[in-house]
Amino acid sequence: LIVSLLIMTFVASAQKTWFVGGTAGIGYDDYFYFALEPQFGYEFTARWAIGTGIGMALASSEGYTAVIGVAEPYVRFNAWNNDKVFVDLNATAGFGFTDVLVNCQVGIVPSLRFRINEHWDMAADLGLFGAKYDKESWSPAFGINSFGVGLWFAYRF
């Protein structure tokens, strides 16, 4: 009973903000890619949010070009903010696929987010600290990698 009351109190006091937006990314690591990825999510407290991006990427390398589906669910933790600038850590698992899995990433993506006004946020993802899978094997990924730097905007309801 006490645990239920604590959970209900937490949920009742939660921020409860939906957001929609999108990102555009560009990168190079054995191939060039450009991606557009609509995003949506839910901020359930001032520090925690969940979301996902689902979109398409164009990848090109030495005469070969492919259209790749992209899915990237994440959990966002706000490590620091001053109500206008936010330093976020996003635990993510990103997937790129055609008819088979082309690449994958798992890890922490740090981002710098700016609150433009009451409804609009803009952020820059600053690489990956984790691991990535390209075609046949896993490798460590630290800093800027094949998923590059992403810039995204979100509208908060």
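Arginine 115 is buried, with a relative accessible area of 17%; buried here means under 20% relative accessible area, exposed over 50% and partly exposed in between, computed with a 1.4 Å probe on protein chains only. The model is a predicted one, in which local features need pLDDT of at least 70 and side-chain atom pairs count only at pLDDT 80 or more, while totals for chains, interfaces and linings use all residues. Residues are numbered from 1 along each chain as its sequence is written, and side-chain values use heavy atoms, with hydrogens and water left out.

Let me turn to the partner of this arginine. Arginine 115 forms a salt bridge with aspartate 121, and their closest N and O atoms lie 2.5 Å apart. By salt bridge I mean a side-chain nitrogen of Lys or Arg within 4 Å of a carboxyl oxygen of Asp or Glu. Aspartate 121 itself counts as buried, at 1% relative accessibility. Through shared partners, salt bridges join Glu43, Arg76, Asp88, Arg113, Arg115, Asp121 and Arg156 into one network.

Which other residue pairs with aspartate 121? Arginine 113 does, with the closest N and O atoms 3.1 Å apart. Arginine 113 has a relative accessible area of 2% and is therefore buried.

Arginine 113 also forms a salt bridge with aspartate 88, where the closest N and O atoms are 2.6 Å apart. This pair links distant parts of the chain, 25 residues apart: arginine 113 lies in strand S6 (residues 101-115) and aspartate 88 in strand S5 (residues 85-97). Strands are DSSP runs of E, at least two residues, and helices are runs of H or I, at least four, numbered from the N terminus. Both arginine 113 and aspartate 88 are buried.

Finally, the whole structure contains 9 salt bridges.
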